[in-house]
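Let's walk through this structure together, from the whole chain down to single residues. Please have your viewer ready.

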Amino acid sequence: MSGANTAFNPLLQPVSFLSASQRPVTVPIPSIDAFNDETVSVAINYAFQLGACATLLVVVLLMTPPSKLRRASSALHVAGLVACIVRTGFLVAFFLSPLNHFYQFWAGDYSSVPRRFLYNSVAGTVFSLLLFVLLQAALMHQAWTMVSLWPAAVRSCLAVASAAVSLTAVGWRLAFAVVQTRSALDLVPARDRAWVVHAALILNALSICWYCALFNVKLVLHLAANRGILRSSPRSLSPMEVLVVTNGVLMVIPVVFAALEWGRFQNFEAASLTQTSVAVVLPLGTLAAQQITAGGSLAYLSGGSNKSGSRSNGGEKPNPPSAAAAGFKAVSTTCGSGGLGQSPSLFSACTGRGARPPGMDHFDLELRKIDSDSALANEGVRIDTDLEQNETRI
């Protein structure tokens, strides 16, 4: 009687079928629904990453001058986006292969799956390793640019520490790729080597956190020196300020995804997002700095309008602002700026000795030097290196 009174729930009933050896296999419907939900959500996640990388790659190729694409940083950024696109494509292809079909997965029988699908999984693992190596190289290159003007002892220590972190992470990532490849070809979960996977994930998170902290050091020191936010207004940020902000602030995003890898979330996979976010953040910051440089240079060349509302009349060229109006100390030569009342930026063209903005600290001079070395400033605008020499002597 008790069994007859129990309500039957059709959503919880099991589904039974026979394997190739005619062994009965029983799977509850909730497990099948959970598997399907996870497949769809992860596939959407990978498709979103693929689309974001492909879109950014097109934007970088179209908006970056060909001369700048030949630089090491640009080459690493483009190569990282291409590797991320190929890797994510292989990840998406897995869900469309027989390896993810109903019978093969639930019966654990992959004998009918052609070997080429296993090789596709191996190719995805190889490109994941290649992406990781490219991103570590890009992070090291960017870090070296940020600390290139620091004292030699500090610069050497940071370079050695960064190399040690990156090389260790790459080594364990290589071991992880070997374990994953053997597991894919043998169709056997590598549970006995799970410690290799965990160590690789730990070092991956460590490398991301290390470079995030290293990039934020420049921003924190600059904020501390100015006792507040960056002195430029939001509409007149210099290219190097944009690069410092993007390197520091946006690198927090990969750190968040790296932390989420240790959580258990239903229908969400954060491991691939960690690498994809790094591949997207680095070229995005550089691209923003380049575009701000181009916009600032055009405003300077066209004369623009000053903050007091004065404009040039007819076709006459506007009078060049004086040194005092531009925020410089009075010197024998003039320094042009984007407009009257604006603080000097990386777009200023100074041709005299001793010209120096009041209150400029050595962090500003480092930003100017790095910007000049990185060729983020327009080629027609140069920065007086005597300013940096005077600052060093002071």
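The secondary structure consists of 13 helices and four strands. Among the contacts with a separation of 6 or more, 71% are between residues 24 or more positions apart.

A word on confidence comes next. The mean pLDDT is 75, and 68% of the residues reach 70 or more. Over residues 296-394, however, pLDDT stays under 50, although the model has 135 contacts beyond four places in sequence for that stretch. Where pLDDT is low, the predicted coordinates should not be read in detail.

Now start at the hairpin. Strand β1, residues 14-18, pairs with strand β2, residues 24-28, in the antiparallel sense over five bridges. One of the residues to look for is Leu18, whose bridge partner in β2 is Pro24. Five residues lie between the two strands, and Gln22 is in this loop. Gln22 has a phi near 60°, a positive value in a residue other than glycine. Most residues other than glycine have a negative phi, and most peptide bonds are trans. Gln22 counts as exposed because its relative accessibility is 61%.

Leu187 is in the loop between α7 (152-186) and α8. With a relative accessible area of 36%, Leu187 is partly exposed.

Turn next to the annotated spans. An unreviewed UniProt entry places the feature "transmembrane region" at residues 43-63, 75-97, 117-140, 152-175, 195-221, 242-260 and 280-301. Let's compare two of these with the model. Residues 43-63 are 100% helix and 0% strand, with end C-alpha atoms 30 Å apart. Residues 117-140 are also 100% helix and 0% strand, and here the end C-alpha atoms are 35 Å apart.

From there, move along to helix α8, residues 194-226, where you will find Ile208. Is Ile208 buried or exposed? Ile208 is buried, because its relative accessible area is 1%, under the 20% cut-off. Leaving aside neighbours within four places in sequence, Ile208 is in contact with Met251, Pro254, Val255, Thr274 and Val278. Gln136 is 72 residues from Ile208 in sequence, yet their C-alpha atoms are 9.0 Å apart in space.

Finally, consider the cysteines. A disulfide is a covalent bond between the sulfur atoms of two cysteines. How many disulfides does the model have? The count is zero. Cys209 is in no disulfide either, as the nearest cysteine sulfur, that of Cys212, is 7.0 Å away. Cys84 is buried, at 0% relative accessibility, whereas Cys209 is partly exposed, at 37%.

How values were computed:
Residues are numbered from 1 along each chain as its sequence is written. This is a predicted model: local features need pLDDT of at least 70, side-chain atom pairs count only at pLDDT 80 or more; totals for chains, interfaces and linings use all residues. Side-chain values use heavy atoms; hydrogens and water are left out. Buried means under 20% relative accessible area, exposed over 50%, partly exposed in between (1.4 Å probe, protein chains only). Contact means heavy atoms within 4.5 Å. UniProt positions are given in the numbering used here, feature names are shortened, and annotations may be inferred rather than shown by experiment. Two strands pair if DSSP finds at least two bridges between them. A disulfide is a pair of cysteine sulfur atoms within 2.5 Å. pLDDT is the predictor's confidence in each residue, from 0 to 100.
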